[in-house]
Each structure stands twice: as C-alpha cells, then as structure tokens.
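Please go through the model below together with the text that follows. The paragraphs take up one site at a time.

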Amino acid sequence: MVSACLLISKCRSEATGVGDATQDIEALIDLMARLPGLGPRSARRAVLHLIKKRARLMAPLATAMQGVADSARECLQCGNICTSDICDICTSGKRANGEICVVEDVADLWAMERANVFGGRYHVLGGTLSALDAIGPEDLRIPALVRRVADEQVTEVILALNATVDGQTTAHYIADQLSNRCAVTSLAQGVPIGGELDYLDDGTITAALRARKGV
Ligand SMILES: [Zn+2]
C-alpha cells in the first residue's frame with residue numbers, strides 16, 4: 001500500500017514537474033510563464049523564490065499588483081500608462097516646451113525617460129502602420145497627434161520610432177500629415193555608443209554614413 005502511494009506520488013510528480021505543488025501553485029506558475037522573457041522553467045524558479053520569501057516579497061508584490069491592476073490606465077492625452085486620467089508628464093508645466101516626442105509604445109516612452117535627456121511631452125501611437133496587419137492611421141493615435149499639434153502650440157515633433165520598415169513608413173506618414181504645421185525631426189540612426197563597426201550590419205553603416213556630421 002505504501003509503495004503504491006509512493007508510485008502514484010512519483011507519477012504525479014513526473015507529470016507536473018513541480019513535485020507536490022498544489023493546483024494553485026501550478027496555476028500561478030502557468031500565469032507567470034506567460035510573462036515576456038519567462039518560460040515555464042524560469043516561472044517555476046520565480047514562484048519558488050516568491051514562496052520562500054512569502055512575507056518579505058510575495059505579499060507586498062501581490063498587494064502592489066492588485067493596486068496597479070485597480071488603478072492603471074492610459075493617459076487621455078498622450079497614451080502613457082498612469083494611475084490618473086492625465087499623467088504626470090502631461091500635467092507638468094515644465095514639460096510644456098513645445099516639443100512632442102512620438103513613440104510606438106509605452107516601453108519606448110519609459111526608455112526615453114530613463115535616459116533623462118528629453119524635456120518635452122510624449123505621444124504614444126500604440127503601434128505602427130502595417131499594410132500586412134491592416135493597421136491604418138485611425139487604428140493608432142495619429143489623428144489625436146494632429147489635433148494636439150494644433151491645440152498645444154507645438155513647435156517640433158520628434159519621431160522616435162523603431163528603425164523597422166513599418167516604423168519608418170509610419171514616420172513618413174506622420175511627417176506628411178504635419179508638414180507646414182510644425183518642425184518634424186527624427187532620431188539619428190547609426191553607430192551605437194560603444195559599438196564596433198566590424199559588428200554592424202550594412203544598413204546601419206549606410207545610415208551612419210549618411211547621418212555623418214562635422215567633428
Ligand atoms: Zn500623458
């Protein structure tokens with residue numbers, strides 16, 4: 001009888017791969033495995049770590065996640081993720097310098113903020129134009145951007161879009177829409193800081209050469 005129980009336990013353990021984990025823990029692992037950058041193995045390790053640090057990490061994390069789940073929303077003006085109708089960047093008078101930086105995604109906005117070099121406001125498109133996926137201007141925040149340029153006395157729109165075909169197609173479309181309304185610029189493309197020429201692809205070297213400047 002004892003050996004039968006051990007056998008069943010062993011079979012169950014092999015089937016789930018998580019020892020004697022309960023269904024709740026397995027469900028948590030399945031959810032964690034859906035996060036970007038985490039596969040089933042990493043999710044299992046993360047959940048185990050959380051359980052071991054239940055009081056100091058797991059409980060505060062659960063509280064913080066619930067709080068953000070209840071309050072997170074898109075800024076009605078720029079599309080940033082925040083916990084109020086208008087985000088801190090849009091409400092800050094210091095950021096109203098006439099410059100709007102256009103990005104594809106909130107992650108790009110946060111990357112720009114980490115660099116701490118841009119003092120204006122943002123506009124998150126929510127993607128790029130794509131003929132393949134049938135994504136047109138109305139599916140993005142492009143009409144809202146055109147309205148903002150007219151309403152907010154914008155002097156320059158900086159296109160910080162990804163250097164992909166869709167990103168550049170979108171940049172050209174926006175530049176056409178805003179021509180004669182304000183200056184439209186885009187981020188330079190070329191050699192990354194700390195980059196070595198020998199490791200760059202042909203397209204990057206070509207872009208860098210075209211964007212060369214006086215030293
Ligand atoms: Zn905002």
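Along the chain, the donors of the zinc ion are spaced as C-x2-C-x8-C-x2-C. In this predicted model, the protein donors are the SG atoms of Cys 75, Cys 78, Cys 87 and Cys 90, and they lie 2.3 Å from the zinc ion. What arrangement do the four donor atoms around the zinc ion form? The angles they subtend run from 105 to 115°, so the arrangement is tetrahedral; the limits for that class are 85 and 135 degrees. For reference, the ideal angle for four tetrahedral donors is 109.5 degrees.

Asn 80 sits in the loop that lies between β1 (73–74) and β2 (81–82). Is Asn 80 buried or exposed? Its relative accessible area is 6%, and because buried means under 20%, Asn 80 is buried. Its side chain is joined to that of Trp 110 by a polar contact of 3.2 Å.

With 37% relative accessibility, Arg 73 counts as partly exposed. Which residue does the side chain of Arg 73 meet through a polar contact of 2.9 Å? The partner is the side chain of Asp 85. Arg 73 and Asp 85 are 12 residues apart along the chain, and their C-alpha atoms are separated by 7.4 Å. A polar atom of the Arg 73 side chain also lies 3.3 Å from the backbone oxygen of Thr 83. When residues up to four places away in sequence are not counted, Arg 73 touches Asn 80, Ile 81, Cys 82, Thr 83, Ser 84 and Asp 85.

The last topic is aromatic pairing. How many aromatic pairs does a search of the whole structure find? The search returns one. In this pair, the ring centres of Phe 118 and Tyr 122 are 5.2 Å apart and the ring planes are at 65°, so the pair is edge-to-face; planes over 60 degrees apart fall in that class. Phe 118 counts as buried at 11% relative accessibility. Tyr 122 is buried as well, with a relative accessible area of 0%.

How values were computed:
Residues are numbered from 1 along each chain as its sequence is written. This is a predicted model: local features need pLDDT of at least 70, side-chain atom pairs count only at pLDDT 80 or more; totals for chains, interfaces and linings use all residues. Side-chain values use heavy atoms; hydrogens and water are left out. Donors are N, O and S atoms within 2.8 Å of the metal (3.2 Å for Na, K and Ca); water is not among the atoms, so sites may look incomplete. Four donors count as tetrahedral if all angles lie between 85 and 135 degrees; four count as square planar and six as octahedral if opposite donors are over 155 degrees apart and all others between 65 and 115; anything else is irregular. Rings of Phe, Tyr and Trp (its six-membered ring) pair if their centres lie within 6.5 Å; planes under 30 degrees apart count as stacked, over 60 as edge-to-face and the rest as tilted. Buried means under 20% relative accessible area, exposed over 50%, partly exposed in between (1.4 Å probe, protein chains only). Helices (H or I, at least four residues) and strands (E, at least two) are DSSP runs, numbered from the N terminus. A polar contact is a pair of N or O atoms within 3.5 Å; within protein, one must be able to donate a hydrogen and the other to accept it, and residues adjacent in sequence count only if both atoms are side-chain atoms. Contact means heavy atoms within 4.5 Å.
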